[in-house]
Amino acid sequence: MGPTMKVTTHPTADTLTLVLDGELDASSAVVLDAELNKPEIVNYKKVLIDCQRLSYISSAGLGVFISHLQRLQDSDVKLVFFNMQEKVFNVFEILGLDSLMNIVPTQEEAQAA
Amino acid sequence: MTSHLRIQCSRQNLQQVRDFVREFLLAGQSSELIVNQVVLAVDEVVANFIIHANGEDINQFLDLQLALIEQRLDVEIEDYGATIFAPSTVAPNPDLREYIRQGRKGGMGMALVSRIMDHVEFFERDAHTVCHLSKVLAK
């Protein structure tokens, strides 16, 4: 069985949007990690994570975001999540990550963040 | 109601585990939030067994048993590998601000499990490691 996660990228001049499609687990998290590891990511002012089609996240997926967050912050890159499904947001809440990560309801709010 | 699944120790099988737990629980009437939480807890334990206890050796396998009696769910995951694996069952409380500062990737799985499930226990049976999880499911 192949990765259960597809990541598509939508760059503009100062914003990179990553659209997550599928389930982010210990098998598929490597796909996201590869995107966030790209050196050019620190050239953007914002990295927006579109979670509308993200149907599941485990600690492996959370760990990918946690592992990159400081590096992005040190480079003045804002990481913003939007369109998150309730059951996925609940996982962030269980760990208290909802207060440490920037999660907003809509793309408009993410772009304005 | 009971159900059983055997999987080889490959992280490619985590999807199958989640689908197995999801289908079992959706036959009851638990909310999507509760179902997702339990699916996550089982996924985390199974991933630990696959990756840390068995080094993703596909020659090793795990048995999963689900039982739902009234509203109480019992999950048993038995590891047939040779290594006895017993992570601390003291509810971990990771310092996530420090994890972020360090750029740390792992170490949150058992915290999720202990916060989701009512009871978490690892024990040895017939030289195998068994994890028992239980939860009373609210509607």
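The sheet of chain B is open and has five strands, in the order β1-β2-β3-β5-β4, with antiparallel pairing. Strands here are DSSP runs of E with at least two residues, helices are runs of H or I with at least four, and both are numbered from the N terminus. Two strands count as paired if DSSP finds at least two bridges between them. In general, strands of a sheet pair through backbone hydrogen bonds, either parallel or antiparallel.

Before I continue, please note that this is a predicted model, in which local features need pLDDT of at least 70 and side-chain atom pairs count only at pLDDT 80 or more, while totals for chains, interfaces and linings use all residues. Residues are numbered from 1 along each chain as its sequence is written, and chains are lettered from A and ligands numbered from 1 in the order in which they are written.

Helix α2 (residues 32–53) touches β2, β3 (72–79) and β5 of chain B, at about 10° to the direction of β3(B).

Now consider the pairing of β4(B) with β5 (residues 128–136) of chain B, which is antiparallel over seven bridges. Within it, Val120(B) has Leu133(B) of β5(B) as its bridge partner. His128(B) also has its place in strand β5 of chain B.

A residue is buried with 20 or more other C-beta atoms within 10 Å of its own, exposed with 12 or fewer, and partly exposed in between, the C-beta atoms being placed from the backbone. Leaving aside neighbours within four places in sequence, His128(B) is in contact with Glu78(B), Asp79(B) and Tyr80(B); contact means that C-beta atoms, placed from the backbone, lie within 7 Å.

I turn next to confidence. The pLDDT is the predictor's confidence in each residue, from 0 to 100. Chain B has a mean pLDDT of 91, and 96% of its residues reach 70 or more. For the complex, the predictor gives an ipTM of 0.94 and a pTM of 0.94.

How do the two chains meet? In all, 25 residues of chain A are in contact with 27 residues of chain B. On the side of chain A that touches chain B, the elements giving two or more residues are α2 (59–74) and α3 (86–95) of chain A. Of these, α2(A) gives the most, with nine residues.

Finally, chain A itself has four helices and five strands, which run β-β-α-β-α-β-α-β-α from the N terminus on. Buried residues make up 43% of its 113 residues. Among the contacts in chain A with a separation of 6 or more, 71% join residues 24 or more positions apart. The C-alpha atoms of chain A fill a box of roughly 35 × 30 × 20 Å, taken along the principal axes.

Methods. Two residues are in contact if their C-beta atoms, placed from the backbone, lie within 7 Å. Axes are lines fitted to C-alpha atoms, for helices over the stretch in contact, and angles run from 0 to 180 degrees between N-to-C directions.
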